[in-house]
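Subject: Structure handover

Hello,

Here is the structure for your files. My notes on it follow below.

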Amino acid sequence: MAVENLKSEKKTDVDIQEKMNIVFVGHVDHGKSTVIGRLLADTGTLPEGKIEQVQESCRRNSKPFEYAYLIDALKDERAQSITIDSARVFFKSKKRHYIIIDAPGHIEFIKNMVTGASRAEAAVLVIDAHEGIQENSRRHGYLLWMLGLKQIVVLVNKMDMVGYDQEKFNSICDEYNLFLDELGVKPLCYIPVSGRMGDNVVNRSENTPWYAGYTVLSALDQFKKEKPETDKPFRMPVQDVYKFTLYGDNRRIVSGNVVSGTLKTGDELVFYPSGKKSRVKTIETFSAPPKESAVSGEAIGFTLDEQIYIRRGQIAARANETPPKVATRIRASLFWLGKHPLLTKKQYTIKLGSARVKAQIETIHRIIDASDYSTINEKNQIDHHDVAECTFRLSHPLALDLSDTLADTSRFVIVDDYEIWGGGIILQAVDDEETELLEEVITRDRKWIKSEVSMYQRAEHYSQRPTLLIITGEKSVGRKRFASRLEKTLLENGRMVYYLGIGSFLYGVSADLKRQSPDDNWHEHVRRMAQAAHLFLDAGLILIMTAVELKQSDLKIFNTIINPNYIETIWIGERVTTDISYDLQVLGGEENMDRSVALVKQLLQDHGIIFSL
Amino acid sequence: MGHLDELESRSVFILREAYANFKNLGMLWSMGKDSTVLLWLTKKAFFGHVPFPMVHIDTHYKIPEMIEYRDRLAREWNLPLVVGTNFDALNEKHTFPDGNADRITCCGLLKTEALRRTLTGEGKRMVFNHDTNQYEEDPHPEPFTAVIVGARADEEGSRSKERYFSPRDKQNEWNIGEQPPEFWNQYKTDFKAGTNVRIHPLLDWTEINIWEYIAQEDIPTVSLYYNHGDGQRYRSLGCYPCTFPVQSEARTVEEIIEELRTGRFSNVAERSGRAQDKDDEGGLETLRREGYM
C-alpha cells in the first residue's frame, strides 16, 4: 500500500491542538466554494488524486473545472451545482486547524446556513465584485449578527472579472460597511480576492498592488479563539437530575453544561424561575479525581446540601451574583425559516436552555426586509425568511437573560409542527400583571424557613406526591358533591387528602375582600387561594378545590404561585365552557359519580401522584 | 479547557439531551474505537452508569477478537447489551463471498436491514443476561425511537452532512435536502409518531481526536488496532471478508497518534481498508441513505 507523504510542507510546527470553526456565507454563485477549494489546494490539503479525479470528471462532462466540485462531491449535488448542506472541510494553517463549513447561499437553504453558522466561531462573507451586494449578502449578515457571530471578514470575490478595479472594491466595502454599522458589527477587514485565479487567498496577489492587507489565510489566523465567559455570572440550565438507584447509586446529581461563570463547592445556588435555594455539596466526576470548581464550557454534575425539588428546565445561578430575569412576556429579535408564516393567533413552543414554554405573539413591532434592510410595518404575520422584532406572551414564567448581557441564556428557538423553524434573542423582559406575583414567589421561596423534613421524606411517608386537584365546571353540575366524594374515597384509600371549599375560604381568610367588592378583588382572592394551596402542598397533602368555570387567567395565577407540575385540573360536565386545557374531563351527576371518581384515581396513578392500590 | 475537553463537553451535553428526550433510546456499538469512545462518554455523562442498552448488529462475519472484546466489556462494565442479526439472510446464504450476494447486497442485508429490524423490534434480539452470563432472546422487543451513533464528520464525504439529531422516516431513510436547521445547542426533539432519530455526539471529532482521547482516558480497545509484530494493523474494523489491515508498525495508542500526526496516512482514507466503500459509486452515500451506519 502506497502511503508515502508527498506533501512535505504539511510537516510544520503547527500547534495542532487548536481548532477553529469557520463558516463561509454569501449570496448564491458569489464563489464561496471556489474560494474554499482554492484555499485547500494552495495549502496542500487535498487528498492525493482528488483534484485530478474531479478534473477528469469535469472533462468527461465537458464542463470547466471548478474547485466547487471538490466540495460538491456528492452525486445529486453536482447536478444542482450548488452546495446543498453545510459540508465540513478540515484543513490547517501554520497557526491552527480549521473546520470550514461551506454554507450554501441559495435562498432555499438558509436553514443549513444557520446550522453551519451557529457552530462557527468566525465567518467569511463572500460578495461578488461583479454582481455587487445582493439580497442574501445582507440577509446572511443579519443572521450572523443574530446568531452571535462577531468575528467576520468580508471577501470581495471575482476581482478578476472587474479588472482588479480598486474603485469597484472600495464602493462595495463602503456600502456593506454602512449596513454592518447599523447592526453594530465591525468586520476584521475587507479583502479583494479571486477564488478562481487564487489572488490574495493564500498568496498575495500581484494584480492588486493597491491592497496591502491580509490574505484570506492570514486573516483567518487573526481571529481569536472565543474565551469561556468565566468572568460573567454563573448560569447552568439544568439538563436533568440523576438518581441511579437501580444501579445502587444514591447520589442525586443535578447536571448540565455551564454556559457562563464559575462554580465552586460550597456555593449557594438559586434555581430559576422557582427561586429554590441550596448549596453545592460536591462536584461529581467519573474516572477522574473529584473537582472543587467548574468553569463555563464544562459539562458537570453536582450534589446539593439540601434536597430541594428541581428538574430539567430551570436555570441555576449563584446567590451572590446578578440573577437571571424571570418573565412571562419577552421582547425579542427573531428570524423565521418556516414554510408556513409565524402567526399572531397561534400558539408555538419556545425552547430556551432546557426550558420549554408555550408562546404566542402579542405584538409584531417591526419586520425587516432583509433584501434591502428596510422596515415593513403593515404586515401582521412573519413570513418565510423574515427577520422581525416582536413581543411574546408565555404560558409559564421563563428564566432568561438579555442578549446584551449573557448571550447563551438569551437565545431561544421556536418550534412549530415538530420542527425548529425560528430562533431569536431576547432584548427585554416585559412587565405584566404576573411580574409582581413572580417576584413575590421568588422572594417567598428564598425566605422559606426550611423544615428538617424534606419534601421527599414527606412524600415517602405518605406514599403520595403533594398535588392540587382543581375540580371545575359549569354551575350546578355537582362540583362540590363530586369533590367531597373524591375526598372521602381517597381518604378511605389511606391518602392524606383535604377538600377546601371556596365558600369556606371566602368567608374566612378572604372576609375582608368579601366585604368590599368581590369582583374588583378577584385577582387578590385567587392569589390568596393559591398561596393557601401552596401551604397544603408543602405539608404534603392532596388538596381538592372547586371553582366555577375556571379561566386560563385564574389558572395562570395558580401556575405562578404553585409549581404547575403539582396542579391537576379536572373539568366536570359534558359541555365545555372554559379556555383551559384540563388534564381530565369527567361526567357530573350522581349516576356517573363512581365512574368519575375512578377516572380521577386513575389519573393520579398515571401521573405518579399515588400508587395503584 | 483543552480541545479534548471541549469535544467531551459537547458530546456529554448531546448524550444527556438524548437521554432526557427519548424514552426508548439505544446506542449502536460496533466495538470499534469510535463507538467505544461513545460508550466511555456515556459513562462520563451518567457518572459511571450506562442507562440505555448498547446495540450490536452482529453479521456473524465479525473478526473473532471483536466478539471476545464485546463480551468481556459487557461483563466487566455490566453493560445492558442487545445483539441483532438478520438470521433470514444468513440462513438463505445471501452473503458475500461464501453465499449468493455481492458485497453491497451483503452489507445491505446483514447490516442495514438487520439494523432496521432490530430497531423496529421486528427482528430477533438477543439480550445479554448478566446473571446467567448468556445471551437470551428478548421476549418483548420494543421499537427504539432514537439511536445514538458514533459517526464522525471527517470520516467520509456524506457523513459531514449529518446533524447531531437527525430524523429518519419509517423506512429508515435519510433525506439530506430536507433536514431541519440545528443551532444554539437546540435539537429536534419533537416528533410525529413513526419517525426515529439518529443522534451523533461524535460529529466534531476527528480520527486523531479519538485516539488522543483513548490515550488520555485509558480506554480499553480491541487488540486488532495494533501491530503485533507482523507490520500491520487494522485502522477500521468490520467483517473479515471485507476488511483489511494497513501497513503500520504502531504497537500502542501513542504510536498510532504519532503515526497519524506525522501524516503517514494523510493521503489515505481511514476506511480505505473497507471494500464496500469502493463498490458503492456514491461513496457510502447510497448505503447511508438507506440507513447504513
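Chain B is split into domain 1 (3-205 + 281-289) and domain 2 (207-277), with bounds from an automatic or database domain assignment. The contact between them takes 29 residues from domain 1 of chain B and 25 residues from domain 2 of chain B; two residues are in contact if their C-beta atoms, placed from the backbone, lie within 7 Å. On the domain 1 side, H2(B) gives the largest share, five residues. That side divides into 16 nonpolar, five polar and eight charged residues (Ala, Val, Leu, Ile, Met, Phe, Trp, Tyr, Cys and Pro are nonpolar, Asp, Glu, Lys and Arg charged, the others, Gly among them, polar).

This is a predicted model: local features need pLDDT of at least 70, side-chain atom pairs count only at pLDDT 80 or more, and totals for chains, interfaces and linings use all residues. Residues are numbered from 1 along each chain as its sequence is written, while chains are lettered from A and ligands numbered from 1 in the order in which they are written.

The loop between H4 and H5 of chain B holds B:Lys93, which has a positive phi of about 60° without being a glycine. B:Pro97 lies in that loop too, and the peptide bond joining B:Phe96 to B:Pro97 is cis, with omega about 0°. Helices (H or I, at least four residues) and strands (E, at least two) are DSSP runs, numbered from the N terminus.

In chain A, the bond from A:Tyr272 to A:Pro273 is also cis, with omega near 5°. A:Pro273 is in the loop between strands E11 (268-272) and E12 (276-283) of chain A.

Regards
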